[in-house]
Amino acid sequence: MQDERQDGITALGAVDLAAAIRGRIVSCVDVMRAYLERIHRLNPQVNAIVGLQDDAALLQEAEARDAALARGEAVGPLHGFPLAVKDLDAVRGLPFTQGSPIFADRIAQNDTIMVARLRAAGAVFIGKTNIPEFGLGSHSFNPVYGATGNAYDPEKSAGGSSGGAAVAVALKLQPVADGSDFGGSLRNPPAFNNCYGLRPSWGRIPVETKDVFTPGLSVLGAVGRSPADIGLMLSVQAGYDPRCPNTIRQDPSAFASPLARDFRGTRIAWLGDFDGQIPFDPGVLDLGRAALATFTEIGCVVEEAAPRFDMEQLWRDFITLRALMVAPVLRPLYDVPAHRAQMKPEAIWEAERGLELTIDRLTAALEGRTRWYETVRRFMERYDFLVMPSAQVFPFDKNLRWPREVGGRPMDTYHRWMQTVVPVTMSGLPALDIPAGFGEAGLPIGIQIVARNHGELACLQLGAAYDAASNWVRRCPPPLH
């Protein structure tokens, strides 16, 4: 009976769990026990949560959350939620390795802005979620903690860099998760694990950086088993902070509101492979196209169309701007021979690309990003949403560093196989990964809904309608249980 009750607790979505805790239908201690039992049983098979904290200490924190409820104190939206935070964000008192042996023993001294918001909302931090070293690449393996296995086949890749987060959510090791996305890290992992992931617009969630004025390509976001669960998480993560002057001032509570909306007559463009410019492995595009029928069922009008643009030039602009933003972070480590010897080849490659940058190349790439945004903006005067694949391959052997060939084309960098996510990253528009089905090997894949600038709520609303109609997450759970 106790096992059934625990399974019932972890089966609750984040929205329902929050209501159950506030209504004192379940205690925070019950919730913590249920999740810890599931983590101890399943996590060793996938390695999604790392740096797991002591059970007794976590249960003591849960007791404190229950005591606050008993005193009638006001509580936050995530009160009593067990959360592991992606290991690219600092959580006071927890390991902060970034997947690098250089920082294998580091303990964070402070919370980031986002983590402080999660803490204030009542979350109990149970550990970290696994990533690739420095978050580089869409496959979560590192020399500190090892590789994360897929929720549907632990021998396959979980995706990355929010791979641990997506697997932890898919396997119900935590109710919802934070993540970040530069080159698909909130889209590829949910696609590989049959769940949802939101990459917000730049500025939606404040991020401390050494330069707070220049719009970057990396953003924070969330992974959930439903768009509503992501909306609850986003309502905590988002909102203006004076330390980040360009953050969006919109009231974030809107994201936790009911997502029901009539989509009859809504126009959607399926971008596919951009007229053959982006390669895909067999079956990926077919599943994406098949999923479009669900949009038609809810009343949308779907057309195959794509803005005319040189995807190869957009890729070159992307890796130039990536070098601008990644290399300065890696350069202090690269300049120390002992540290450089501990860095993976992909990190060294990124640092050395930064050394080669010129003002002319940077200016051209920045202007190229603007031309692409303007192209998409005009294109979306005809369409309410864009839909495109979230990945170009199905989950692959987790012992591979990265796919060397996609659709018969050789991949010339460690991240070229994720080129399909670059158009969204470079546009700055919000995107929601949604499940699209399973391939012949029984492994999941996803597609991404793209809305207009600052259209996160619209993404979640369309995603919620799609979720209700398709039911992928609930009817196709992972085989591990």
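This is a predicted model: local features need pLDDT of at least 70, side-chain atom pairs count only at pLDDT 80 or more; totals for chains, interfaces and linings use all residues.
Residues are numbered from 1 along each chain as its sequence is written, and side-chain values use heavy atoms, with hydrogens and water left out. Helices (H or I, at least four residues) and strands (E, at least two) are DSSP runs, numbered from the N terminus.

**Helix 3 and helix 4**

- Helix 3 (residues 28-46) packs with helix 4 (residues 55-70) at an angle of about 155°, their axes lying 8 Å apart; axes are lines fitted to C-alpha atoms, for helices over the stretch in contact, and angles run from 0 to 180 degrees between N-to-C directions.
- The two helices are therefore roughly antiparallel to each other, a term that applies to angles over 145 degrees.
- On the helix 3 side, Cys28, Val29, Met32, Arg33, Leu36 and His40 meet residues of helix 4 that include Leu58, Leu59, Ala62 and Leu69, where contact means heavy atoms within 4.5 Å.
- By class, this contact of helix 3 with helix 4 has 8 nonpolar, 1 polar and 5 charged residues; Ala, Val, Leu, Ile, Met, Phe, Trp, Tyr, Cys and Pro count as nonpolar, Asp, Glu, Lys and Arg as charged, and the others, Gly among them, as polar.

- An open sheet of mixed pairing is formed by 8 strands in the order 6-8-7-14-15-11-9-10, two strands being paired if DSSP finds at least two bridges between them.
- Its edge strands, each pairing on one side only, are strand 6 (177-181) and strand 10 (301-304).
- Strand 7 (residues 196-199) pairs with strand 14 (residues 431-438) in the antiparallel sense over 3 bridges, and Gly197 stands opposite Asp433 in strand 14.

**Salt bridges**

- The whole structure holds 25 salt bridges, each a side-chain nitrogen of Lys or Arg within 4 Å of a carboxyl oxygen of Asp or Glu.
- One of them joins the side chains of Asp7 and Arg41 (3.9 Å, N to O), linking distant parts of the chain, with Asp7 in helix 1 (residues 2-11) and Arg41 in helix 3, 34 residues apart.

**Backbone features**

- Most residues other than glycine have a negative phi, and most peptide bonds are trans.
- The peptide bond from Gly160 to Ser161 is cis, with omega near 0°, and Ser161 is found in the loop between strand 5 (146-147) and helix 6 (163-170).
- Arg24, although not a glycine, has a positive phi of about 60° and lies in the loop between helix 2 (14-22) and helix 3.

Definitions and conventions
Angles under 35 degrees count as roughly parallel, over 145 as roughly antiparallel, 65 to 115 as roughly perpendicular and the rest as oblique.
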